[in-house]
Amino acid sequence: SAAASESDKLDLTGNAARHLESAAQMLRDGKRPAEAAVMYERSADLQFQQGALERGAEALCKAARIIEETDVDRAAALFSRAVDVFTDDETRPVEFTLETYRAAASFFLRQKRYAKAAEVLDLQMGAHWVMKQGASAAKCALTIVIAHIHADAFAAAHSFLTQLEMDLSRGDIARQEEAQLAREVLDAYAAQSEEALQAATAKRAFTYLDAQAVKLARALTLQTAGVPVELAHGGGRPAGAHATTISMAALDVKDAQPSQAPPSAGGPPLPPPPPPPPAVGDFGEVIDDYTDDLT
């Protein structure tokens, strides 16, 4: 029958995929990573043909890990493809996506591809939230903030966390210790307080993150990311080498006299300030700086 024929075809496809994985393992053990990655990718294609998305994604992750040290760009493409498998098919149960998201996020953090890491972590956070795992979702949120800071994208970190805090439907995430710790980290940057930053990153909650996230958290200093003027609570380092924001410390001339204003960078010196207007008496007469002795 047609049904039996289709079943036989799926069995053959599954067997072929497993044989390719076995070949990939042999090539890997033989120190031939590029060829092993090809076998894993071919196995993944067969898995996808029979609808085994999680197995196919797992094979892509294996291929990416093998060549991470020899071909980072290709490994990144394989991890991205594995993630896209689940974003393109939202009918799959989210629990099948987590291992792929974890592996991909860890890779992108390790390779300092922070924007892509934050993108994958956002997907992972959403999966945890659907599964009502608020604590795990909050760990993702804290790691996203860390990733944005290491990308020198303080504004992105601030925007992400603020939106999360304002989203009442995800309030359980914002109430978790890790999400509150993410706010402490951002506040330390906004206040340009190295002491507050060290106090925040020394808290135990950081040790519960992915190993790569823990490493990045411990490396945070005020020099890791600039703070835009509009988000700073005090004098902050300019955000980005080519950003239009400037240090608020350089603008701290609120109480300065006109003669104390800083000269413009690279331009001619400023002219002296104009003399103050003469004092005027009650009837409009000009009062001189001296008075005649009429005694």
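Me: At 1.5 Å a residue, what should the 17 residues of α6 span?
Reply: Helices are DSSP runs of H or I with at least four residues, strands are runs of E with at least two, and both are numbered from the N terminus. The expected span of a helix is 1.5 Å times one less than its number of residues. The end C-alpha atoms of α6 are 24 Å apart, which agrees with the span that its 17 residues should have: 24 Å.

Me: What kind of model is this?
Reply: Residues are numbered from 1 along each chain as its sequence is written, and side-chain values use heavy atoms, with hydrogens and water left out. Local features need pLDDT of at least 70, side-chain atom pairs count only at pLDDT 80 or more, and totals for chains, interfaces and linings use all residues, since this is a predicted model.

Me: How many helices and strands does the chain have?
Reply: Read along the sequence, the pattern is α-α-α-α-α-α-α-α-α-α-α-α-β-β. The count is twelve helices and two strands.

Me: Which residues of α6 are buried?
Reply: Buried means under 20% relative accessible area, exposed over 50%, and partly exposed in between, with a 1.4 Å probe and protein chains only. Cover for the buried residues of α6 comes from elements including α4 (72-87), α5, α7, α8 (154-166), α9 (171-174) and α12 (211-218), where contact means heavy atoms within 4.5 Å. The buried residues are Tyr114, Ala117, Ala118, Val120, Leu121, Gln124, Met125, Ala127 and His128.

Me: Which residue just after α6 takes a positive phi?
Reply: The phi in question is about 60°. The residue that takes it, just after α6, is Lys132.

Me: What is the volume of the largest pocket?
Reply: On a 1 Å grid over the protein atoms alone, a cavity is a set of points where a 1.4 Å probe fits but cannot get out, while a pocket is an open set with protein on both sides within 12 Å along at least five of seven lines; lining residues have an atom within 4 Å of a point. Grid points are joined across faces, edges and corners, and a volume is the space filled by probe spheres set on the points. For the largest pocket the volume is about 240 Å³.

Me: Of the 15 residues that line the largest pocket, which are the closest to its centre?
Reply: At least two lining residues come from each of α5 (98-110), α6 (114-130) and α7 (134-150). The closest to the centre are Arg102, Leu121, Gln124, Cys140 and Asp210.

Me: Is Thr143 buried or exposed?
Reply: Thr143 is found in helix α7. Apart from neighbours within four places in sequence, Thr143 is in contact with Leu109, Leu121, Leu209 and Ala213. Its relative accessible area is 6%, so Thr143 is buried.

Me: What is the relative accessible area of Gly56?
Reply: Gly56 lies in helix α3. Residues up to four places away in sequence aside, Gly56 touches Ala44, Gln47 and Phe48. Gly56 counts as buried because its relative accessible area is 0%.

Me: What distance separates the C-alpha atoms of Glu41 and Gly56?
Reply: Glu41 lies in helix α2 (residues 33-49), and Glu41 counts as partly exposed because its relative accessibility is 23%. Glu41 and Gly56 are 15 residues apart along the chain, and their C-alpha atoms are separated by 8.2 Å.
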